[in-house]
Amino acid sequence: MSTTPTRVGLIFGGASGEHAVSIRSAATVASALAAGGNGSRYGVSCFYIDTQGRWWGPEVADAVLAQGTPAGPGQLPSSPAKPGFSGFPAGAEAIDVWLPVLHGPNGEDGTIQGLFTLMQVPFVGSGVLGSAVGMDKQAMKAAFAAAGLPQVPYICASARELRANPTDLITKLEALLGYPCFIKPANLGSSVGISKASDRQGLMAGLEAAAALDPRLVIERGVTARELECAVRGGGHQPLLASVLGEICFDADWYDYDTKYSDGKSHTVIPAVVPAEVTERARTMAIQACEAVGAMGLSRVDFFYAEASGELWLNEINTFPGFTSQSMYPMLWAATGLPLETLVHELIEGAREWHKPAEKGGPGA
Ligand SMILES: Nc1ncnc2c1ncn2[C@@H]1O[C@H](COP(=O)(O)OP(=O)(O)O)[C@@H](O)[C@H]1O
Ligand SMILES: [Mg+2]
């Protein structure tokens, strides 16, 4: 076995509303890659994707990672001016495994996974299918429903439908879901564009706000429930493994953007204090949720738990969950007995095994 360190390409930032969180997640991953035995196993090269989707090599990326915040205007050379991916920055040809620590659109949605699949290079996380289905709440819910997994009643709608006949849509939503209900753009994350409606006026305003951000919408019956989360890893040629459960507790009506990202407005309880039977049900369901969308590598599966009735509904799957030092995903694994350093090592090992070149069985799902 060669003693040459594996060269890991750590990618962060991204043209997504979760750009800043991605930088913080990457800082946690970078420190884990330098810690203990990982320090000699891995050589890390950083790549930064700015908010316009342009890629920058280690010179810019290292500075962004060190400051922990998005690149300011003066920090990026003026060219190339064109937004989007226009080829790899220098240094990319030496990468053995890519680690796209990207949340939300343009990174957690199958796009970058498609690029690496075409290139036949290993990368950490779900492939095109799992990432794309996990990202889009309409597709995700359809996959969960097809697998017979419990979800709160919901309806998919489109911005076009809303424009063409708002009265019909509102009548249908009121009849099938009632109030309160939640209106969500299908493809954003971080609670962006989501609203809770308690009456017709709120519903109309919520639909318009969501439709301005995404042509695909999901509307759900609002439930009063605790919010539980489970971390999953593995998949591909290995079994999927579920962590202990965590609970998100917050002092707000629902877990909106401000509550999620303001210090002190929410906290996590690990392990979640729920009956053992509920924990087991959620862990089994978390694995089924990953199988339903074809997710692998790492995922966080989120639930609503109605304590009074004992009902447990799947809320969503995140195929590249938050990975900051305060994030549920690494904390759940630490509480399950897998320290951050080992977790990151296992994720990279998994990627190398699953995303094999086509002639050896094809890249992972
Ligand atoms: N059907 C629902 N009933 C009650 N609360 C909900 C419902 N849907 C969403 N919420 C609240 O909104 C938050 C964000 O919704 P979620 O679907 O998880 O979106 P995101 O992908 O942006 O995290 C949830 O964590 C929860 O607090
Ligand atoms: Mg959520």
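Helices, H or I runs of at least four residues, and strands, E runs of at least two, are taken from DSSP and numbered from the N terminus. On that basis, Glu220 belongs to strand β8, which covers residues 216-221. The model described here is predicted.

## Glu220 and its surroundings

Glu220 has a relative accessibility of 3% and therefore counts as buried, the cut-off being under 20%. Apart from residues up to four places away in sequence, Glu220 touches Lys141, Val152, Pro153, Tyr154, Leu177, Cys181, Phe182, Lys184 and Phe304. Phe123, by comparison, is 97 residues from Glu220 in sequence, and their C-alpha atoms are 34 Å apart in space.

Cys181, one of the residues touched by Glu220, is itself buried, with a relative accessible area of 1%. The closest cysteine sulfur to that of Cys181 belongs to Cys156 and lies 14 Å away, which is too far for a bond. Cys249 is likewise in no disulfide, since the nearest cysteine sulfur, in Cys230, is 16 Å away. The structure as a whole holds zero disulfides.

## Overall form

The protein contains 13 helices and 13 strands. Its radius of gyration is 21 Å, close to the 21 Å given by the globule rule for 365 residues, so the protein is as compact as a globular protein of that length. Along the principal axes, the C-alpha atoms fill a box of roughly 65 × 50 × 45 Å. Of the 365 residues, 51% are buried. Among contacts with a separation of 6 or more, 69% join residues 24 or more positions apart.

## The five-stranded open sheet

An open sheet is formed by five strands in the order β11-β10-β9-β12-β13, with antiparallel pairing. Strands β11 (266-269) and β13 (311-318) stand at the edges, and each has a single partner strand, so one side of each is left without a neighbour in the sheet. Neighbouring strands are turned by 30° against each other on average, direction ignored.

Within this order, β9 (residues 226-234) pairs with β10 (residues 240-250) in the antiparallel sense over seven bridges. Glu229 has Gly246 of β10 as its bridge partner, and Arg233 has Leu241 in that strand. The two strands form a hairpin with five residues between them, and Gly235 in the turn has a positive phi of about 100°. Strand β9 also pairs with β12 (residues 297-306), again in the antiparallel sense, over nine bridges. There, the bridge partner of Ala231 is Arg300.

How many of the nine residues of β9 are buried? Nine of the nine are, so the strand is largely enclosed by the rest of the structure. In a regular strand, side chains alternate between the two faces of the sheet. Both faces of β9 are covered: Arg226, Leu228, Cys230, Val232 and Gly234 are buried on one side, and Glu227, Glu229, Ala231 and Arg233 are buried on the other.

## Strand β2 and its partners

Strand β2 (residues 42-49) is mostly covered, with seven of its eight residues buried. The pairing of β2 with β1 (residues 6-13) is parallel and runs over eight bridges; Gly9 is bridged to Ser45 of β2. With β3 (residues 55-56), β2 pairs in the antiparallel sense over two bridges, and Tyr48 has Trp56 of β3 as its bridge partner. Five residues lie between the strands of the β2 and β3 hairpin, where Gly53 takes a positive phi near 85°.

| Strands | Sense | Bridges |
|---|---|---|
| β1 and β2 | parallel | eight bridges |
| β2 and β3 | antiparallel | two bridges |
| β9 and β10 | antiparallel | seven bridges |
| β9 and β12 | antiparallel | nine bridges |

## Thr279 in helix α11

Thr279 lies in helix α11, which covers residues 276-293. Is Thr279 buried or exposed? Thr279 is buried, because its relative accessible area is 16% and the cut-off is under 20%. Leaving aside neighbours within four places in sequence, Thr279 is in contact with Leu245 and Val274.

Definitions and conventions:
Residues are numbered from 1 along each chain as its sequence is written. Chains are lettered from A and ligands numbered from 1 in the order in which they are written. This is a predicted model: local features need pLDDT of at least 70, side-chain atom pairs count only at pLDDT 80 or more; totals for chains, interfaces and linings use all residues. Side-chain values use heavy atoms; hydrogens and water are left out. Two strands pair if DSSP finds at least two bridges between them. Axes are lines fitted to C-alpha atoms, for helices over the stretch in contact, and angles run from 0 to 180 degrees between N-to-C directions. The radius of gyration is taken over C-alpha atoms; the globule rule is 2.2 Å times the number of residues to the power 0.38. Buried means under 20% relative accessible area, exposed over 50%, partly exposed in between (1.4 Å probe, protein chains only). Contact means heavy atoms within 4.5 Å. A disulfide is a pair of cysteine sulfur atoms within 2.5 Å.
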